[in-house]
Amino acid sequence: MIKNYLKIAIRQLRKQKMYAAIKVGGFALSIAACLLIALYIHNELSYDRSYPDADRIYRIVGEYQDIGVHEKGVDWPAVMSKVVKSDFPEVEKAGRLMPNSLFWGAGSNELKRGDDPENSHEEGFAYADQSLLEILKVPMAYGDIAHALTEPQTMVISKSKADKYFPGQNPVGKVMYLNNNKSRPYKIGAVMQDFPATSHLHVYNFLLTLSGVQFWNGEQTTWSASNYRVYITMKPGTNIARFNQKLNDVIIKKYYVGSMLKNGDKNAESIISKLKMYVQNITDINLRSYDIHDNMSHGDIRFIWLFGAVAGFILMIACINFINLSTAKSANRAKEVGLRKVVGSQRSGLISQFLTESLLYSFFSFALGLILAWILLPYFNMLASKSLTIPWQQWWLLPIILASALIIGIVAGIYPAFYLSGFKPADVLKGKLSAGSKSSVLRNGLVVFQFTTSIILIISTIVIYNQMQYILNKKVGFEKDQVLMIQGTNTLDNEVKNFKNELLKLPAVESASISDFLPVSGTKRNGNEFHNEGKVKEEAGAGGQFWDIDADYLKTFGMKLVAGRNFNPEMKTDSQAVIVNQTLVKKLNIKNPIGKRIVNYGAPMLIIGVVQDFNFESLRDGIEPLVMHLSNSNSIVSVKLKTGNIKNTLEQITATWKSFSPNQPIRYTFMDESFANMYADVQRMGRIFTSFAVLAIIIACLGLFALAAFMAEQRSKEIGIRKVLGASIGNITTLLSINFIKLVLIAIIIASPVAWWAMTKWLQEFSYRINISWWMFALAGMVAVVIAVATVSYQSIKAALMNPVKSLKTE
């Protein structure tokens, strides 16, 4: 019986080649998209699950809420780890990670072997406790994990870096230098296996010991500075909700409030209602940290749900094509069903026959979809900035593909099977079903659903593109074009100022500044709290940034002073002077700020200038208070170039660099490129939405094309009569197209409010955003109508040009 079902199914497939191609093609495209999205989702969900005790490893997160402020962060005082371990019996181990590039050694460095004169630039340095390695149970390639970071001035490097610097050798015990600093040699204590790509720590290839480290006197015991991430291993069976409550009661009330009261802060008690602490499981860090400031790139659980929904909708569109075409062609199968019933076929046998056909289409589609997914995977990796592979060698791949093909085949074929098998032989043989197949409320509803989904994706793509253009072209308060950032200049040490002076002699250089505190991501940040002089204990302060700059900083970046003056290196008093932004003046409610003094943790600082607000973080966030003072922070020299021959200018700058540092290759980037990279995730999202919108439209149009062809076939005699009576090609084309255009217009009406709601929610993430305008919906609707008309018109015109004699000769 099954063999007979397959024979009939294959015969139907050969008989209706165009419809079969559209069914299989649409299915295959949607399955390829779903497979790619499934690979992406699987990759995102697999983050940080490789650690043996992943279910018991947590990091501590803080949530601060005040009037107009709601922030989450993971930076804590150095002493926090010790206190958590000693005061909480639920904690088995506690360890710290300190990646803040504000401190020497963390972030990026120029690195070399002890016996090699040439530096190489390396990213991914962080300070870490020995206990952190034990918490994560990091596997070692060389050396012993128990003593990897126990000694001062030691570091652990990754296997890939060991192979780069010490090929074929065991580097344990070897010495390396950071930034040409031979007074601080680092001995390699162990070589760890590289963190997997699915670890939130995969960016770290060098872990510097925290043993014996103190960045300033009292730094390891104060509760007033927060720079460390704290990881803990919980004992089995710990109640996390109770632990979180205990964490707040002990750490905040005992230690934070106690420290503030000791310092005479009258607002100490208010911190209890403003600060909340909780632990986050390590497996949640990648997807559930989108609102946590941790300066790490990670996924977003909302995108996982979004992409999963997109995959589902695309698959539904393909299933709708199958259902539509199967039910639309019902008249062609009606006589077959009627005759089978007359000769004794049971309805269950007919359902089995039609489900077999559906399953055959599904298995063909999955085979083709798998091939398409393999072909499109490099393009998808480029879109998503991933390195995904199809797990051909995994045992579970084939069973999942077969099970999915079976489920999709049944889901797509179940309604047509019941519909077709339900025909009554008497009605069939009287010819009553032919007319009934010409129109269907269900079929029209499914077409509307297809185009509604497609239009939502088109509108979303338009909004994302316009928001991205707005961000990249918005005036941010400084000049980012024609600014070259030369990195790694800290190795020049005292020569960096001479290097800057030599650059200024080049005819194409307009100005230059020495500072690695820049208004783009990936540069230094230093969070402080500022108060009006004499009001530290009476008034709440303003949290903001404290930057080291030189006297040419404002000029190089085209920043405008709205009051006061710039720094003057010749004036010794300017060493205790600051320039602040307008936001700080507002936050501290300073009237006539020039000449007033503010304090952070040191001596009072005199305000000599107020700079116009500029965006130095992502446009998702507002502008923070900023204080700039005259100091040396020299790992980046920024150069403002004149317009002209950039290639020749770069050659001159490179030659100047080589004269100062012959053993270190020059590294530079343009600031506008670094600015654009801050929004790489938005650009990536835009590209993905565009691709899915195009795919959804293609699949929907395949179905529309087939339906139009079928309608033209069903109404061929009507068209013949109309032509004989004098109807023009335009009249007939309009007749066949108008119903489909109505369906698309209905889809536009449904899609518009849904897309408006979704995009309004998305735009709320940005402090600076576009307004959603009517023309975006009009453009999306126009695109959908034009595509639908173009799709339907081919079949309509073809039918209108047909010789009426051919369609009427059988009558």
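A: Start with one term: a residue is buried under 20% relative accessible area, exposed over 50%, and partly exposed in between, with a 1.4 Å probe and protein chains only as cover. This is a predicted model, so local features need pLDDT of at least 70, side-chain atom pairs count only at pLDDT 80 or more, and totals for chains, interfaces and linings use all residues. Residues are numbered from 1 along each chain as its sequence is written, and side-chain values use heavy atoms, with hydrogens and water left out.

The spot is Asp-294. It sits in the loop between strand 12 (275-281) and helix 8 (301-328). Helices (H or I, at least four residues) and strands (E, at least two) are DSSP runs, numbered from the N terminus. Asp-294 counts as buried because its relative accessibility is 2%. Which residues does Asp-294 touch, beyond its neighbours within four places in sequence? They are Arg-59, Val-74, Arg-229 and Ser-289. Contact here means heavy atoms within 4.5 Å.

Now compare other loop positions. Ser-385 is in the loop between helix 10 and helix 11. Its relative accessible area is 49%, so Ser-385 is partly exposed. Its phi is near 55°, a positive value in a residue other than glycine. Asn-589 lies in the loop between helix 17 (582-587) and strand 19 (597-599). Asn-589 also has a positive phi, about 55°, and is not a glycine. With a relative accessible area of 54%, Asn-589 is exposed.

Ser-131 belongs to helix 4 (residues 130-136). It is buried, at 18% relative accessible area. Leaving aside neighbours within four places in sequence, Ser-131 is in contact with Ala-94 and Gly-95. Its C-alpha atom is 51 Å from that of Val-694, which is 563 residues away along the chain.

Step back to the whole chain. It has 24 helices and 23 strands. Its C-alpha trace spans about 105 × 55 × 55 Å along the principal axes. Of its 811 residues, 52% count as buried. Among contacts between residues at least 6 apart in sequence, 79% join residues at least 24 apart.

Next, the interior. A nonpolar core is a set of buried Ala, Val, Leu, Ile, Met, Phe, Trp, Tyr and Cys residues joined through side-chain atoms within 4.5 Å. The largest one has 122 residues, and those with the most contacts inside it include Phe-451, Trp-547 and Tyr-553. Helix 20 (residues 680-714) gives the most to this core, with 19 residues. A second, separate core has 27 residues, among them Val-83, Phe-88, Ile-252 and Val-279. Away from its neighbours within four places in sequence, Tyr-553 is in contact with residues including Phe-517, Pro-519, Trp-547 and Met-628.

Helix 2 is mostly covered too, with 21 of its 29 residues buried.
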